[in-house]
Amino acid sequence: MNRYVVTALAFALISAHAQESTVNETPIRGFTIEQTVILSGTPAEVYDAVTGDISPWWDHHFSQKPARFVIEPRPGGGFLEIFNDSGDGILHATVTWAERGKRLSYIGPLGFAGKATQFVVTYDLAPDPSGTKLHLTVNVAGQIPNGVEKGVQSVWNHFLVERLKPYLESAEYKNRKKTAVKNSSFVAPSGERVLRHEVVVPASLAEVWQTMTTSDGWMTFMAPHVRMELKTGGEFTSNYRVGAKLGDPGTIRNQVLNYVPMEMFSIKVGLTDQFPERPRQAGTLFCVFNLKELGPRSVLVTASMLGWGQGEDWDSVYKFFDRGNSYTMEELVRRFEQGPAVWKEQAQ
């Protein structure tokens, strides 16, 4: 058959299929919402309440009872709603700014999943005589139906005034705030700081050791991608980003230094590019994990981090790990109280 005839037939088929589809013009709009609310608690406490597990006060979700509903408090962290134990779910947004006690920002479609719409949400926190002043800024742009502004404003007022504010004043929150993680940091006689956190894990010594010294174990509570080799000089690499892989940007490269089975292990801590240059180049941070059996299903886990320098850049790293190590140990307890974390790649 002549190639021009073939081309003509192809165009005819394309035209026929095109007649079966429709193209609708979608207006692109935008608007901004701002609101201020005074909340009880310190800025750090409020920050902790609006990150991590937010299911006690955020009551709008796609599944009736999500298996996991969290905002991961770190740059690149997910605002995740995991539906079930199979890992089905939604990535509502991605954290772009995480500064404990000061600011949290994230960007994503939120309740407009499936549409070309983006919410840029920022919580600015500041001390107030009555507790904490939270200033909300919501910038919205994309496929937005006409007249939706008042509805969106009402929803955010519901979250902050009708849900978060009474939750922070409730007995439920006060009981929840009594975190199992104890900060027992101290300054050694040499003047060196030791960042230390302790927690009692409701599991057997064998279970806790297995969880904290294997790749599969760490992936049940800390991150979706981990490789750990329990040997002197062994690899301890992780990436917290759902959908990423080891070696992708954001990969953290630690190294196992030594261990005593069922008692302790230590690691050399690697810092990624998000940290100041001087602490990164120093390479002096180490963490020692100690496990002590208190009873048949009760294990005291202690994490002691050493090797801190002096200066504002070091102080910022110290504050990051103060928050991060506490959160990780909380997740370790939650792993045995509620089951292993469910990770699944989410489509953007």
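This is a predicted model: local features need pLDDT of at least 70, side-chain atom pairs count only at pLDDT 80 or more; totals for chains, interfaces and linings use all residues.
Colleague: Why is the contact between glutamate 149 and arginine 29 called a salt bridge?

Modeller: The N to O distance is 2.3 Å. The cut-off is within 4 Å, between a side-chain nitrogen of Lys or Arg and a carboxyl oxygen of Asp or Glu, so the pair qualifies.

Colleague: What makes this pair a tie between separate parts of the chain?

Modeller: Glutamate 149 lies in helix 3 and arginine 29 in strand 1, so the bridge joins parts 120 residues apart in sequence.

Colleague: Are these two residues buried or exposed, or in between?

Modeller: Glutamate 149 has a relative accessible area of 24%. Arginine 29 has 23%. Buried means under 20% and exposed means over 50%, so both count as partly exposed.

Colleague: How do you know that arginine 193 and aspartate 315 form a salt bridge?

Modeller: Their closest N and O atoms are 3.1 Å apart.

Colleague: What makes arginine 227 and glutamate 229 a salt bridge?

Modeller: The closest N and O atoms are 2.8 Å apart. The limit is 4 Å, so the pair passes. Arginine 227, at 38% relative accessibility, is partly exposed. Glutamate 229 is partly exposed too, at 22%.

Colleague: How many salt bridges does the rule give?

Modeller: The count is 16. Asp48, Arg100 and Arg323 are linked in a network of them.

Colleague: Which residues have the most contacts inside the largest nonpolar core?

Modeller: Val201, Val208, Met212, Trp218, Val301, Trp308 and Phe321 do, in a core of 39 residues. Helix 8 gives the largest share, eight residues. A second, separate core has 38 residues, including Phe69 and Tyr173.

Colleague: What does valine 201 touch?

Modeller: Leaving out residues up to four places away in sequence, its contacts include Val208, Val301, Leu332 and Phe336.

Colleague: Why are strand 15 and strand 16 called paired?

Modeller: Five bridges join them, and pairing needs at least two, so they pair. They run antiparallel. Lysine 268 stands opposite phenylalanine 286 in strand 16.

Colleague: How do you know that strand 16 and strand 17 pair?

Modeller: They share nine bridges, against a required two, so they pair, in the antiparallel sense. Leucine 291 stands opposite valine 301 in strand 17. The two strands form a hairpin with two residues between them.

Colleague: What is the phi of leucine 110, and where does this residue lie?

Modeller: Phi is near 50°, a positive value in a residue other than glycine. Leucine 110 lies in the loop between strand 6 and strand 7. Its relative accessible area is 7%, under the 20% limit, so it is buried.

Colleague: Why is methionine 262 called partly exposed?

Modeller: Its relative accessible area is 31%, between 20% and 50%, so that label applies. Methionine 262 also has a positive phi, about 70°, although it is not a glycine. It is found in the loop between strand 14 and strand 15.

How values were computed: Residues are numbered from 1 along each chain as its sequence is written. Side-chain values use heavy atoms; hydrogens and water are left out. Helices (H or I, at least four residues) and strands (E, at least two) are DSSP runs, numbered from the N terminus. Buried means under 20% relative accessible area, exposed over 50%, partly exposed in between (1.4 Å probe, protein chains only). A nonpolar core is a set of buried Ala, Val, Leu, Ile, Met, Phe, Trp, Tyr and Cys residues joined through side-chain atoms within 4.5 Å. Contact means heavy atoms within 4.5 Å.
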